[in-house]
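Dear colleague,

Please find below the structure for your review.

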Amino acid sequence: MAERIKLTGLLEALDEQVDARKKEVTLGDVVSIFKGRGFGPLITLPALIAWLPTGAVPGVPSCCGIMIALVSIQLMLGKSSPWLPKRLREVSFGRDKLETVMDKVTPVTRRVDRLIKPRMEWIVDDGALRVLAAFTTLLGIAMIPLEVLPFAAAVPGVTLTLIGVGVAARDGAAVMLGLVIALIGGVWIATMI
């Protein structure tokens, strides 16, 4: 299992490791930066991007959902490192948007990081991880049609963020909170339809 991570650390690592001369950050950049840290960060970051202000841009939640589904399928199949097709690796968003989002969310992620720690690790062991990967695959796919409903893609986005952080930090409580949010959010979305 990869080393324990913090949400703020993920954002800072992305900001530091993306070439400062680049005006655009691609999903391929995200994969290459976090490839050695396991699948948790590769579920967390696109989920975070999908429900934060950048997620309001049409198409962003769908691209993030597809990436999450592809990464999750590989985790479910027991792959050791993730792979994305070239077309998806080339999807990009402006570096200025990344910096704007980081400025807005870093105070929140620092508070969240204080709550995240290894606990209830049986929820993120290898067997349970494959079941979680099946669930995150479905949530990633669900982001595509939910993009058309106002704020609906945020429900799987928040859920996936918590599950991804929980997997990466070996925090089963974060995973359980994500599952509870998925249940409540699923009921809310069902009432909207």
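A nonpolar core is a set of buried Ala, Val, Leu, Ile, Met, Phe, Trp, Tyr and Cys residues joined through side-chain atoms within 4.5 Å, where buried means under 20% relative accessible area (1.4 Å probe, protein chains only). The model is predicted: local features need pLDDT of at least 70, side-chain atom pairs count only at pLDDT 80 or more, and totals for chains, interfaces and linings use all residues. Residues are numbered from 1 along each chain as its sequence is written, and side-chain values use heavy atoms, leaving out hydrogens and water.

The largest nonpolar core comprises 47 residues, and Phe34, Leu45, Met67 and Leu132 have the most contacts inside it. Helix α3 gives the most to this core, with seven residues (helices are DSSP runs of H or I, at least four residues, numbered from the N terminus). Leaving aside neighbours within four places in sequence, Met67 is in contact (heavy atoms within 4.5 Å) with residues including Leu27, Val30 and Leu88.

Thr159 belongs to helix α8 and is buried, with a relative accessible area of 0%. A polar atom of the Thr159 side chain lies 3.5 Å from the backbone oxygen of Gly178. Beyond neighbours within four places in sequence, Thr159 is also in contact with Phe135, Leu139, Ile181 and Ala182, among others.

Yours sincerely

Technical notes: Buried means under 20% relative accessible area, exposed over 50%, partly exposed in between (1.4 Å probe, protein chains only). Helices (H or I, at least four residues) and strands (E, at least two) are DSSP runs, numbered from the N terminus. A polar contact is a pair of N or O atoms within 3.5 Å; within protein, one must be able to donate a hydrogen and the other to accept it, and residues adjacent in sequence count only if both atoms are side-chain atoms.
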